[in-house]
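This report goes through a few local features of one protein structure, part by part. Please keep the sequence and the 3D view at hand while reading.

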There are 2 protein chains.
Amino acid sequence: MMEIKFIERKDLKEKPDMSTVKFGSQFTDYMLTASYDEANGWHDWRIEPYGPIQIAPTAVVLHYAQTVFEGLKAYSVDGEAVLFRPDQNFARLNRSLERMSMAKIDEVEALTALKELLKIEKDWIPTGEGQSLYIRPFVFGDDHTLGVHPSDTYKFMILLSPVGGLFSAGTMGTTKIYVEDKFVRAVRGGVGEAKTGGNYAASMKAQEVAEGLGYDQVLWLDGVEQKYLEEVGAMNIFFVKDGELYTPELNGSILPGVTRMSIIEFAKDAGYKVHEARIPLTDLEAGLKDGSVTEVFGAGTAAVVAPVGELNIHGNKYVVGDGNVGPVAQEIYTTLTGIQNGKVEDKFNWIVKVDE
Amino acid sequence: MMEIKFIERKDLKEKPDMSTVKFGSQFTDYMLTASYDEANGWHDWRIEPYGPIQIAPTAVVLHYAQTVFEGLKAYSVDGEAVLFRPDQNFARLNRSLERMSMAKIDEVEALTALKELLKIEKDWIPTGEGQSLYIRPFVFGDDHTLGVHPSDTYKFMILLSPVGGLFSAGTMGTTKIYVEDKFVRAVRGGVGEAKTGGNYAASMKAQEVAEGLGYDQVLWLDGVEQKYLEEVGAMNIFFVKDGELYTPELNGSILPGVTRMSIIEFAKDAGYKVHEARIPLTDLEAGLKDGSVTEVFGAGTAAVVAPVGELNIHGNKYVVGDGNVGPVAQEIYTTLTGIQNGKVEDKFNWIVKVDE
Ligand SMILES: Cc1ncc(COP(=O)(O)O)c(C=O)c1O
Ligand SMILES: Cc1ncc(COP(=O)(O)O)c(C=O)c1O
């Protein structure tokens, strides 16, 4: 196992009010860094004071966007730090790295490094209802030439950022979604299934336009025919039709969400019929019209479940169900957050303790 | 006009052997930087010693690839520094910035800044046959939060890098191209026409596979049907059929090349019929089979013109013409490089002098 150098800082930061802290705006006292080159592999692992980094102005990431990231959370359960399926995030990190022709990381080493960092930063994990410590692992190419080719050197970093509860239990809000039929995020044969920066840069204009129209997020359609459901902003999408669950299949252009996967496993176990399929937008629209679609919700690490109250499809506005949080979304939310908070039995073995 | 602060360095670097220097590997003594925020607009313009920069580990470019770049060249003509159509590059920079929801730059200020930098770095412009000073302007988001949204702050930089002649006159080589029918670079509704990092990150895997098969570059097809010609690596594509020129039309998913545009203007003026169209790969393949297609060449700032000697289409290998440089490619190359080097009259007014 690798050695991790700990560079201690003199003064620790004051911790923010965890109930009001804005996503991704505050960071803990330390960050993890490691470097890669062909001769040494991943080396020079450090836990060092959080702060600016030095980078060559020619770094591949600055010019050609060779970068991938992950997002997961640590929760505090009875004073103990736990993680939700971190192995899935590091496995996906490696799939993204592979797709982007970047150096892969030993998944056990990456998880070990994260645990070491969390042991030091334990006091930063908020303990309030729905609160957690967001974890951002990322890797980027920092090579020193301008040729368009994969970098020879990489940097791996982990940042930690406390997040207040998005919803307190029983008061989940609903979100308004705009179905995007002009801009395209990803296409088969592209990099849509990789968690790589370019996918997010490519989504900003559409997000801006949707916000201008009063919507929270964009629902993307497939890049080829612009007819099939893909995913929402930083979430996968589900709907409930005649009591059964539907979600787009993994087709290469959507991100295989850890939340999506967990919902499918839980729902099947709970007796729901779950359809992973190529789903025409027209099927969803018909179900909204005739009332057979009773719930639509997004699924991702940030909100776990984000019920959709209104959908705009080609200018037609549909209220989903009665516009409030539906029972299936509520059940999934309660169970998944319950498992994360230690209030519901972890029968799927999803929880990993930091101190073990 | 803005003020540019000059931060002088003590020792200048030794200049490399310009005839052997590798593209993008050596940089001059200085670089230009400027910063953007909403309150101050673009400000803090500096010409400072070339070297590493400081960046927040949360910078939007590192996570969500909000970055665009440009590429152009300075040439030395009788001891005077000249640029080729820099206004086109800065206009394209702003179109890319717009597409990526980034802060735009005053094109006159950007060109002024570049000229100031070049006046200081004049001695770095190589004077040999086919040699030039490559110019890399780029802009990236360096904001300090992890939310997926456009950055509030940006950095603009210009780096300079001497390049040896790719070909000396009359000895242009030919390149081997692999027509990519699995991976996709861009799709209509996406960001293909923006010179943004994600497009290049998305191309690396295919480029790696093609190189593994013995090819120099990939010819991309459209993302929707994978049937129509798009562009090559970092070049637009042309072919000559029955003495007439063909190139894919600007459709939103290919980069509007300055070289492409210049070739079209020159060729029309020289009496060629030029077709900008949606071109099925099958048309090109049929022309290669029956001999009506006599030349294929890439067009871009790096090589100006890169004649294609061999094309691999779905596993079938086609030698183009007699496999050597054809007369049309040669005429275009001689004229465009002649205008750049001051050996051919600049009848289109493409040359901009740095000292004026
Ligand atoms: C594009 C996209 N889709 C879906 C998701 C949901 O994935 P996960 O459940 O792993 O958070 C994310 C990320 O968080 C995302 O960025
Ligand atoms: C994708 C792509 N296509 C085409 C070109 C050619 O453009 P230009 O002639 O402006 O160099 C480039 C860049 O250089 C490019 O990166």
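Predicted model: local features only at pLDDT ≥ 70, side-chain atom pairs only at ≥ 80, totals over all residues.

Helix 6 itself covers residues 258-269 of chain A, 12 residues in total. From its first C-alpha to its last it reaches 17 Å, close to the 16 Å expected at 1.5 Å a residue. Its buried residues are A:Val258, A:Thr259, A:Arg260, A:Ser262, A:Ile263, A:Ile264, A:Phe266 and A:Ala267. An α-helix has 3.6 residues a turn, so residues three or four places apart point the same way.

## Aromatic pairs

Over all chains there are 32 aromatic pairs. One of them joins A:Phe23 and A:Tyr134, with ring centres 4.9 Å apart. The planes of these two rings stand at 75°, which is over the cut-off of 60 degrees, so the pair counts as edge-to-face. The two partners come from distant parts of the chain, 111 residues apart. A:Phe23 is in the loop between strand 1 (4-6) and strand 2 (30-37) of chain A, while A:Tyr134 belongs to strand 8 (residues 132-141).

Are these two residues buried or exposed? A:Tyr134 has 7% relative accessibility and therefore counts as buried. A:Phe23 has 33% and therefore counts as partly exposed.

Another aromatic pair is found in chain B, between B:Phe6 and B:Tyr30. This one is tilted, with 5.1 Å from centre to centre and 55° between the planes. It also links distant parts of the chain: B:Phe6 lies in strand 1 (residues 4-6) and B:Tyr30 in strand 2 (residues 30-37) of chain B, 24 residues apart. B:Phe6 is partly exposed, with a relative accessible area of 38%, whereas B:Tyr30 is buried at 4%.

Some rings form a group. In chain A, one aromatic cluster is made of A:Tyr36, A:Trp42, A:Trp45, A:Tyr154 and A:Phe156.

A:Lys176 lies over the face of A:Tyr215, at 5.0 Å from the ring centre. In chain B, the charged end of B:Lys176 sits over the ring of B:Tyr215, 5.0 Å from its centre.

Which residues come nearest to ligand 2? Of the 16 residues around the ligand, they are B:Tyr200, B:Glu231, B:Val258, B:Thr259 and B:Thr301. Helix 6 (258-269) and strand 16 (293-300) of chain B each supply at least two residues of this shell.

Oxygen atoms of ligand 2 take part in several polar contacts. An oxygen of the ligand is 2.6 Å from an N or O atom in the side chain of B:Thr301. For a polar backbone atom of B:Val258 the distance to a ligand oxygen is 2.8 Å, and for an N or O atom in the side chain of B:Arg92 it is 2.9 Å. Taken alone, ligand 2 exposes 380 Å², and the protein buries 96% of that.

## A buried serine in a loop

A:Ser151 is found in the loop between strand 8 and strand 9 (154-163) of chain A. Its relative accessible area is 6%, so A:Ser151 is buried. The side chain of A:Ser151 reaches the backbone nitrogen of A:Asp143 at 3.0 Å.

How values were computed. Residues numbered from 1 in each chain as written. Chains lettered and ligands numbered in written order. Heavy atoms only, no water. Helix = DSSP H or I, 4+ residues; strand = E, 2+ residues; numbered from the N terminus. Expected span 1.5 Å × (residues − 1). Buried < 20%, exposed > 50% of the residue type's maximum accessible area, 1.4 Å probe, protein only. Phe/Tyr/Trp six-rings, centres within 6.5 Å; stacked < 30°, edge-to-face > 60°. Lys NZ or Arg CZ within 6 Å of the ring centre and 35° of its normal. Near = heavy atom within 4 Å. Polar contact = N/O pair within 3.5 Å; in protein donor to acceptor, adjacent residues only side chain to side chain. Areas by Shrake-Rupley, 256 points an atom, 1.4 Å probe, with all protein chains shown as cover.
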